[in-house]
Amino acid sequence: MVTAKELKEKVDACVNVIRSKTDFEPEVALILGSGLGAIADEIDTEATIDYRELEGFPVSTVSGHKGRFVFGRIGDTKVVVMQGRVHYYEGYSMQQVVLPVRVMASLGARILFQTNASGGLNPNFSPGDFMLIKDQISLFVPSPLIGENVDEWGTRFPSMNETYNVKLGGIIEETAKNLGIRLQHGVYVQTTGPQYESPAEVKLLHSLGADAVGMSTVVEVIAANHIGMRVCGISCITNVAGGSVDKAVTHEEVKLNADKAAENFKKLVKESIKKMS
């Protein structure tokens, strides 16, 4: 088990390398999910740092995830964009999976804006829809807070009463309305993956109150709340959840539908962030 001291030292080491390359201090940390990375290529960029430049930092192994930090501005808001995330199913420990969130918080980001590609569990959802994440279910993945607590980051037993910030969610809702973009609302659940869900699992997850399912986000949000960040998030519904239709879901389908929704996604995210400065 990694000690609290070791966890803190690993984060500090990554921060020190980044600080040797840029003194940019972000306000918002933006994580881009599968097929949604193009937005990072369109911001007013100050610096880019490949994950491989950071010793001990997990590297994305999934197609569609570039694997780098992009520092810059969206409007007047200073952002650090995580262009490609890492997942528990890639073989990384949960501490490695949430390491980027802790690094971005230590660089100064006080808001975490989550995005992901997910499968729709709610029968009213269609591929291409966007869902404002109102809450989450973490029962199917290990907590990233297991082990010795780093008291400097947060309390041993953090509350998840308002996991997703209501005010930030309101900004996204208002922005979607102004842009004429349909915005669903719902609960997101994370599973470990990498397999898609069976028909029985789809029924179970929906019966528990989940509207969308994916293989990321939840554990990063827990770490962000623990360290004191405010969180908001949007899921891009890229497919009907695996096992709920006769046709098998593929990663290629997920990327294709994310690409189709990319223009509206970029507008919604960028215009929302401009209001978060």
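Q: Which residues line the second largest cavity?
A: This is a predicted model, where local features need pLDDT of at least 70, side-chain atom pairs count only at pLDDT 80 or more, and totals for chains, interfaces and linings use all residues. Residues are numbered from 1 along each chain as its sequence is written, and side-chain values use heavy atoms, with hydrogens and water left out. The lining is made of Val-86, His-87, Tyr-88, Val-97, Gln-190, Met-215, Ser-216, Thr-217, Val-219 and Glu-220.

Q: What makes a space a cavity and not a pocket?
A: On a 1 Å grid over the protein atoms alone, a cavity is a set of points where a 1.4 Å probe fits but cannot get out. A pocket is an open set with protein on both sides within 12 Å along at least five of seven lines. Lining residues have an atom within 4 Å of a point.

Q: How many cavities of 30 Å³ or more does a search of the whole structure find?
A: The search finds two. A volume here is the space filled by probe spheres set on the points, with grid points joined across faces, edges and corners.

Q: Why is Thr-217 called buried?
A: Its relative accessible area is 0%. Buried means under 20%, exposed over 50%, and partly exposed in between (1.4 Å probe, protein chains only). So Thr-217 counts as buried.

Q: What else stands out about the phi of Thr-217?
A: The phi is positive, about 80°, although Thr-217 is not a glycine. Most residues other than glycine have a negative phi. Thr-217 sits in the loop between strand E8 (212-214) and helix H5 (218-226). Helices (H or I, at least four residues) and strands (E, at least two) are DSSP runs, numbered from the N terminus.

Q: Is the peptide bond from Gly-193 to Pro-194 cis or trans?
A: That bond is cis, with omega near 5°. Most peptide bonds are trans. Pro-194 lies in the loop between strand E7 (183-190) and helix H4 (199-207).

Q: Why is the contact of Lys-8 with Asp-12 called a salt bridge?
A: A salt bridge is a side-chain nitrogen of Lys or Arg within 4 Å of a carboxyl oxygen of Asp or Glu. The closest N and O atoms of Lys-8 and Asp-12 are 2.9 Å apart. Therefore the pair meets the rule. The two residues are four apart in helix H1, which means about one helical turn separates them.

Q: Which other residue forms a salt bridge with Lys-8?
A: Glu-152 does, with the closest N and O atoms 3.5 Å apart. This pair links distant parts of the chain, 144 residues apart: Glu-152 is in the loop between strand E6 (130-137) and helix H3 (166-179), while Lys-8 is in helix H1.

Q: Are Lys-8 and Glu-152 buried or exposed?
A: Lys-8 has a relative accessible area of 18%, so Lys-8 is buried. Glu-152 is at 61%, so Glu-152 counts as exposed.

Q: How many salt bridges does the rule give?
A: The count comes to eleven. Glu-42, Glu-263, Lys-266 and Lys-270 are linked in a network of salt bridges.
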